[in-house]
Structures are given as C-alpha cells and as structure tokens.
Amino acid sequence: MAYFWTARENVPYGIGFTLYHWQHLLWILGIVLTAVWTTRWFCRATQHSQKRLLHILVWLMAALEVCKDLVLLGTGQFRAAYLPLDLCGLSIGLELAAVYRQNTLLCECVYSLSLPGACLALLFPNWNKLPMLNFFCLYGFVLRGLLVLIPVLLFCLCMAWPNAKRLPFCFGCIALTCIPVSLVNRRFGTNFFFLSAPLKGSPLVWFERVCGSHLI
C-alpha cells in the first residue's frame with residue numbers, strides 16, 4: 001500500500017506486474033465474467049432499466065476520469081501525459097455521446113474504435129509498471145472494462161448494428177484526430193496514440209522491427 005497513490009513514472013522499477021501473470025489474467029477473466037453476467041441481465045431487463053444502467057455506466061466512466069485527475073492534482077503528479085487524449089480517454093466522451101444521442105455513426109465509432117482499443121489496452125496494459133494495489137492500476141482495469149462493456153450493451157440494445165460500409169468514416173475520424181494529437185505530442189513530449197514510439201510489449205514493437213516503423 002506504500003505506493004497506492006503513486007503514478008507510474010514515480011514508482012520504483014521492478015514492483016509492477018508482468019503481462020499475462022496470473023493477476024493480469026484474473027483481471028481479464030473477471031471483466032469477461034462481469035460483462036457476460038451484466039449482458040444476460042441487460043437482455044432480460046425492461047427498457048427503462050436498460051437505459052438507466054447505460055447512463056450510470058457512462059457517468060461512472062466520467063467520474064473515474066475526474067477522480068484520477070483530482071488524485072494527480074492533489075498529489076502534485078499531474079502532467080501533460082495524463083490528459084485524456086489517448087484513444088481510451090477520448091472514448092469516454094464518445095461512448096457517453098453514443099448513449100445519449102443514439103446516433104448510428106457515433107455507435108459505429110464505438111464498435112470499431114473504442115471497443116477494440118479497450119480490448120487491446122487490457123491485453124497490453126501500459127500501466128503494468130504499477131503494483132496491483134495501486135489506484136492508477138485499478139483505474140486502468142476498471143475504466144477499460146467499462147469501455148468494453150458499454151459497446152456490448154449498446155449492441156444488445158440494437159441501437160445500431162455494426163456495418164463495414166461505415167468504417168471509412170470511422171477511420172477518417174481517427175486520422176483527423178491524429179493531427180492535433182501529434183501536435184500535442186510534439187509540444188509536450190507525450191506519446192498519445194503511440195504516434196511517437198511503440199508501446200513496449202505490444203504488437204507495435206513487431207511492426208517497427210519488421211516494417212521499419214510502427215506507424216504502419
């Protein structure tokens with residue numbers, strides 16, 4: 001508990017968890033089981049209960065993000081790298097908008113960008129330098145679990161079915177987003193969207209080694 005409120009750049013090397021260690025796998029299993037149980041309940045619930053749960057979940061995500069920032073500010077650890085400019089951070093607003101607006105294109109972006117992005121973050125977490133009993137580690141798993149669960153519930157609600165014909169729009173949005181994000185990276189030395197460098201332990205390292213650049 002000595003490092004419970006400590007951000008990853010201030011944690012000593014060697015006290016984090018390794019990828020696919022039993023603790024990491026237990027988190028993934030817990031998220032999967034929670035998603036399955038919640039989805040089964042969701043499909044049997046009334047329409048009012050379904051919408052209420054979705055509203056609770058999206059505002060819980062927003063509250064987690066605000067809580068993270070307050071902890072960082074309160075402990076004097078906040079820096080540019082903690083701005084919500086990575087895909088998961090932007091997905092909080094995207095999923096919140098999709099739940100309230102029920103727009104087909106918004107839901108498509110949630111299915112094709114937020115959902116796979118959150119799954120990849122759970123498989124290759126960049127917070128593995130942290131010990132399991134750490135606020136930011138718990139935040140990382142819980143937030144990504146919610147980012148996975150909400151698209152699944154939206155799909156069950158049939159608010160919009162995924163359609164490959166809408167993928168060019170989604171990929172165009174993410175490409176345009178990379179422009180201001182790359183400027184922020186250059187200005188503050190950050191690595192949002194992993195545009196500056198590949199994440200160690202992720203498939204991006206393989207792309208860099210084989211293709212000469214992870215940006216492929």
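Which residues touch the most other members of the largest nonpolar core? I opened my notebook with that one, and I remind myself that this is a predicted model.

**Entry 1: the core**

I looked up the largest nonpolar core and found that it holds 49 residues. Met-61, Ile-150 and Leu-154 are the ones that touch the most other members. Next I checked where the core residues come from. The largest share comes from α5, with 13 residues.

I then picked Ile-150 and listed its contacts, leaving aside neighbours within four places in sequence. Ile-150 is in contact with Leu-54, Leu-57, Val-58, Met-61, Glu-95 and Val-99. I was pleased to meet Met-61 again in that list.

**Entry 2: helix α2**

How many residues does α2 have? I counted along residues 47-74 and got 28. From its first C-alpha to its last, α2 reaches 40 Å, close to the 40 Å expected at 1.5 Å a residue. After the helix comes Gly-76, and I noted that its phi is positive, near 70 degrees.

I also wrote myself a reminder about helices. An α-helix has 3.6 residues a turn, so residues three or four places apart point the same way.

**Entry 3: where α1 meets α2**

At what angle do the axes of α1 and α2 cross? I found roughly 140 degrees, with the axes coming within 8 Å. On the α1 side I noted Thr-38, Trp-41, Phe-42 and Cys-43, and on the α2 side Ser-49, Gln-50, Leu-53 and Leu-54. Sorting the residues of this contact gave me five nonpolar, three polar and no charged.

Thr-38 made me curious. It is found in helix α1. Is Thr-38 buried or exposed? Thr-38 has a relative accessible area of 9%, so I can call it buried, as the cut-off is under 20%. Not counting residues up to four places away in sequence, Thr-38 touches Leu-53, Leu-149 and Leu-153.

**Entry 4: salt bridges**

Another reminder first: side chains of opposite charge can pair when their charged atoms come close. I looked for such pairs here and the count came to five salt bridges.

The side chains of Arg-79 and Glu-9 meet in one of them, at 3.1 Å from N to O. I checked where the partners sit: Arg-79 is in the loop between α2 and α3, and Glu-9 is in the segment before α1. They are 70 residues apart, so I marked this pair as linking distant parts of the chain. Arg-79 is partly exposed at 38% relative accessibility, and Glu-9 is also partly exposed, at 30%.

Lys-68 and Asp-69 form another salt bridge, at 3.6 Å from N to O. Lys-68 counts as buried at 6% relative accessibility, and Asp-69 counts as buried at 18%. I noticed that Glu-65 joins these two in a network of salt bridges.

Where do Asp-86 and Arg-144 lie? Their side chains meet in a salt bridge at 4.0 Å, N to O. Asp-86 lies in the loop between α2 and α3 and Arg-144 lies in helix α5, so the pair ties together parts that are 58 residues apart in sequence. Asp-86 is partly exposed, with a relative accessible area of 25%, whereas Arg-144 counts as buried at 7%.

Methods:
Residues are numbered from 1 along each chain as its sequence is written. This is a predicted model: local features need pLDDT of at least 70, side-chain atom pairs count only at pLDDT 80 or more; totals for chains, interfaces and linings use all residues. Side-chain values use heavy atoms; hydrogens and water are left out. Helices (H or I, at least four residues) and strands (E, at least two) are DSSP runs, numbered from the N terminus. The expected span of a helix is 1.5 Å times one less than its number of residues. A nonpolar core is a set of buried Ala, Val, Leu, Ile, Met, Phe, Trp, Tyr and Cys residues joined through side-chain atoms within 4.5 Å. Buried means under 20% relative accessible area, exposed over 50%, partly exposed in between (1.4 Å probe, protein chains only). Contact means heavy atoms within 4.5 Å. Axes are lines fitted to C-alpha atoms, for helices over the stretch in contact, and angles run from 0 to 180 degrees between N-to-C directions. Ala, Val, Leu, Ile, Met, Phe, Trp, Tyr, Cys and Pro count as nonpolar, Asp, Glu, Lys and Arg as charged, and the others, Gly among them, as polar.
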